[in-house]
Amino acid sequence: MARTPSMDLRRLRYFVVVAEEQNFSRAAERLHMAQPPLSEQIKRLETSLGVRLFDRSSRGAELTEAGELLLVEARRLLVQAEQTAEVVRRVGEGEVGRLTLGFVPSASNSVLPPVLSCFRRRYPDVQLYLQEMNPDWLVAGLHEGRIDVSFFYLPFRDAALRHRPVSREPLAVALPETHPLADEAEVDLCDLAEEPFVLPARYRMPGLYGQVTGACRRAGFEPRAVQKEVWLMQTVVALVAGGVGVALVPATIRNLTRTGVVYRSIKGFSPTVEMGVVWRREERSAVVRSFLGVVSEVCRREGEATFRENVSG
């Protein structure tokens, strides 16, 4: 079986420069090397291919027919090598790839839009897939590898996942517009002690549920739940607008304008709720690293939170 000749990319680059200069001395100057080593590399290339590539004379170096063919192919191979190296570099830097991002709907009222805007602008060649769902499904998706990064409310603990807080905002009171306290600029939580509450789902949104119930307990009462398995903030607001009860909601929900509901600040103290970004502890994806870098940058720029890392578990 005939042995297939091998071609060193470095030698091909030397060959192209000699072919373009048609002179070994000028080529050596252009390559910032001495002429003898350059001549030796071209001879080794000719030996490996089994053909003469240049007709050498005192006037310079003229390509043979085989050399002219190799010049065309060498330029093509070198361009392909550079393109391949660039693609590999971009993948390694997280500039190319795909990212599946999961989030609870209320994330779209706060931190998510500026993060997406910055990420798309910075990494236009990353394919981004968005999935809006409840926290249970988001956690399952992270464990199963169907989702790369998620946004939902903290606190959150899972030994296999890591998280960072990305925004912190106060809770506000959502009232039916016909409620006696609707005309007040601020509402004292203790005035809601006897009111029916629409509570976020305890198991699907434990972080938000804990903040809401904790705020009520600090005000001296246990919230009387008339509806307690609601995880969509839009649904919570709709139930309040329908007169089912009152609710404590993240302040950015004020952006959801809906007839029949008013939002009021809490008097006296400001209970807060945190939104977090969550990803797999053993994540190795460069695209995920790039995304988390953008999240960090946006949070610092907008001053929404002290962006500290928390390792769950």
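A residue is termed buried when its relative accessible area is under 20%, exposed when over 50%, and partly exposed in between, as computed with a 1.4 Å probe on protein chains only. By this criterion, C118 counts as buried because its relative accessibility is 1%. C216 is also buried, with a relative accessible area of 0%. A search of the whole structure for disulfides, defined as pairs of cysteine sulfur atoms within 2.5 Å, returned zero.

The structure is a predicted model, in which local features need pLDDT of at least 70 and side-chain atom pairs count only at pLDDT 80 or more, while totals for chains, interfaces and linings use all residues. Residues are numbered from 1 along each chain as its sequence is written, and side-chain values use heavy atoms, with hydrogens and water left out.

The protein comprises 313 residues, of which 47% are buried. Contacts are defined by heavy atoms within 4.5 Å. Among those between residues at least 6 apart in sequence, 74% join residues at least 24 apart.

Strands are regarded as paired if DSSP finds at least two bridges between them. Strands β1 (residues 54-57) and β2 (residues 60-63) pair in the antiparallel sense over four bridges. The two strands form a hairpin with two residues between them, and S57 has G60 in β2 as its bridge partner.

Nonpolar cores were identified as sets of buried Ala, Val, Leu, Ile, Met, Phe, Trp, Tyr and Cys residues joined through side-chain atoms within 4.5 Å. The largest such core contains 75 residues, and L99, F119, F151, L192, L248 and F291 touch the most other members. Helix α9 (residues 286-302) gives the most to this core, contributing eight residues. Apart from neighbours within four places in sequence, F119 contacts L99, V126, L128, V287, S290, F291 and V294. A second, separate core of 21 residues includes Y14, V16, A19 and I42.

An unreviewed UniProt entry places a "transmembrane region" at residues 231-249; such annotations may be inferred rather than shown by experiment. In the model, residues 231-249 are 47% helix and 16% strand, and the end C-alpha atoms lie 11 Å apart.
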